[in-house]
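The sequence and the structure are shown first.

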Amino acid sequence: MSTKDWIEKDFYKVLGVSTSASPDEIKKSYRKLAKQFHPDANVGDAKAEERFKEVSEAYEVLSNDGKRRDYDEARRLFASGARPGGFPGAGAGSGPGMGDLFGDGGFGDLLGGLFGGGGGRRRSGPVRGNDLETQTTIGFHDSLRGVTVSLRLIGDTTCGTCAGSGAKPGSSPRVCGACNGTGSATRNAGGFGFSEPCRECRGQGSTIDSPCPGCHGSGRVQQARTVQAKIPSGVRDGSRIRLPGKGAAGERGGSPGDLYVSVQVAPHPMFGRSGDNVTLIVPVTFPEAVLGARIEVPTPLDGDVTIALAAGTTTGRVLRVKGKGATKRDGSRGDLLVTIEVAVPQNLSTKARKALQSYAEATADHDPREQLAAFRGP
Ligand SMILES: [Zn+2]
Ligand SMILES: [Zn+2]
C-alpha cells in the first residue's frame, strides 16, 4: 500500500461509522462486517475477500488509540492541501512539502507509527512508546470489590539525566550537516535519484557530539518503576486490562504506550465464580430438605442472607439470590447461585440411629428406585 493509497482511504467509511464513533461503535461495526465478509462464509468470492481485507485494515488503525490519532491528524493535514513531499516515489516538489509543515519531524513518522515504518523514513520526530504486558494475581474478594495494585515494571523509560535528548546536560543534539536534518540522502544511479537513510546520522537527522553519560546517547534507560493499576470490581480470572499511557515512555517527546495487565484471581475455598454470578455450595440436613427451612447463607460482599428452603428440596437444586454476585460491566450485579447439598452424617448417636430406623420402618412402602425397575435388563 502506498502513502497516497492509504491517505485516500477513508477507514471510517469502510467501517460505516462516523469520524466521532466511539471505540465500542467501531468494534461493533467491525465485528458485523468481518462476519459478513469473512472468507469462510464467502468461499471463492473475491469481492468479499477484498472487502474483508479493507475492513480488517481499517479496524487495525481505528481500534488503536494512537494509530487513530495519527490517522486523523494525517487526514486533517491532507484535507488542508498538504501532500507527502520528499518521499521516495512521491511527487516531491509539487505543492507544499511535508517538511515545511512538520519542521524537523515528518510525515514519515506518522506513516511509521501506523505501518511499522520503512527503511527510508525519517526517524527524528517523536515516537510513541511500546505497549507493555504484565500480570498480577489478586484475591477473590478483591476481584469482587475492585482493588488498586502496585505493579513493578522494568523497562525502557526516558533518561532523567538528559530528559530524553541523548545529549550530555548543557549540550544539545546538532542538526546533521550531511542531510540538513532530513535523515535521508539522495544517491544517484543511472540518472535516477534514490532516497536512503543518511549514513552520517543513521537516519536520525541529528548527531550528538557529547552523549549523555546516563543513557549513552539513546535518551532512554532501563529502569524499574512502580505503576498503580486500578483493577475494576467484578474482574474475571484471566481478564486483560488496558491501562492507557502506562506503557513504555515515548521517544523524543512521543506519547507513552499502553500497559496491558493480565489478571489472575486466586481461588476461594468457599465461593466460586460463574460469569458474573458467584457460586456457593450450601449443605443442609435431610430434615431441612424434606420439611423445608429458613437457612442463613453467607454472601461474598453483603453479609449473611436468609433463604427459604421449600419443603421437598432435592440435593443439587440451585437457588438464586438476586444481586449478590459480581459487578457487571454496566454496573449492575450478578447473582449468588446457591447449590443445595444434602449432608449425610458420618457418625450417629444411638438416639439418632433409633430415630432413623423407625423412620425407615415408617417409610418402608416407598421405593425410590421403582422407576429403575422398568429399565432393568432380563
Ligand atoms: Zn540521557
Ligand atoms: Zn544525516
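## Basis

The structure is a predicted model.

## Helices α3 and α4

Two packed helices are described by the angle between their axes and the distance between the axes. For helix α3 (residues 23–37) and helix α4 (residues 46–62), the angle is about 160 degrees and the axes are 9 Å apart. Because angles over 145 degrees count as roughly antiparallel, α3 is roughly antiparallel to α4. The crossing of α3 with α4 is left-handed.

The α3 side of the contact consists of Ile26, Lys27, Tyr30, Leu33, Ala34 and Phe37. On the α4 side these residues meet Ala48, Arg51, Phe52, Val55, Ser56, Tyr59 and Leu62. By class, ten residues in the contact of α3 with α4 are nonpolar, one is polar and two are charged.

## An aromatic pair between the helices

The structure holds three aromatic pairs. One of them is formed by Tyr30 and Tyr59, with 3.8 Å from centre to centre and 5 degrees between the planes. Because planes under 30 degrees apart count as stacked, the pair of Tyr30 and Tyr59 is a stacked one.

Tyr30 belongs to helix α3 and Tyr59 to helix α4, so their pair ties together parts that are 29 residues apart in sequence. Both tyrosines are also listed in the contact of α3 with α4.

## The four-strand sheet

Four strands make up an open sheet in the order β10-β11-β15-β14, and the pairing is mixed. At the edges stand β10 (271–274) and β14 (318–321); each has a single partner strand, so one side of each is left without a neighbour in the sheet. On average, neighbouring strands here are turned by 35 degrees against each other, with direction ignored.

β10 and β11 run antiparallel and are joined by four bridges. In this pairing, Phe271 has Leu280 of β11 as its bridge partner. The two strands form a hairpin with two residues between them. Gly275, in the turn, has a positive phi of about 60 degrees.

Strand β11 (residues 277–284) also pairs with strand β15 (residues 336–342): the two run parallel and are joined by seven bridges. Along this pairing, Val278 stands opposite Leu336 in β15, and Pro283 has Glu341 of β15 as its bridge partner.

## The three-strand sheet

Another open sheet has three strands in the order β1-β9-β8, again with mixed pairing. β1 (132–138) and β8 (239–243) are at its edges, each with a single partner strand, so one side of each is left without a neighbour in the sheet. Neighbouring strands in this sheet are turned by 30 degrees against each other on average, direction ignored.

β8 pairs with strand β9 (residues 259–265) in the antiparallel sense, over five bridges. Within that pairing, the bridge partner of Ser239 is Val263 in β9.

Conventions. Residues numbered from 1 in each chain as written. Chains lettered and ligands numbered in written order. Predicted model: local features only at pLDDT ≥ 70, side-chain atom pairs only at ≥ 80, totals over all residues. Heavy atoms only, no water. Pairing = 2+ DSSP bridges. Axes fitted to C-alpha atoms, helices over the stretch in contact; angles between N-to-C directions. Parallel < 35°, antiparallel > 145°, perpendicular 65-115°, else oblique. Left-handed = near helix turned anticlockwise from the far one by under 90°. Contact = heavy atoms within 4.5 Å. Nonpolar A, V, L, I, M, F, W, Y, C, P; charged D, E, K, R; others polar. Phe/Tyr/Trp six-rings, centres within 6.5 Å; stacked < 30°, edge-to-face > 60°.
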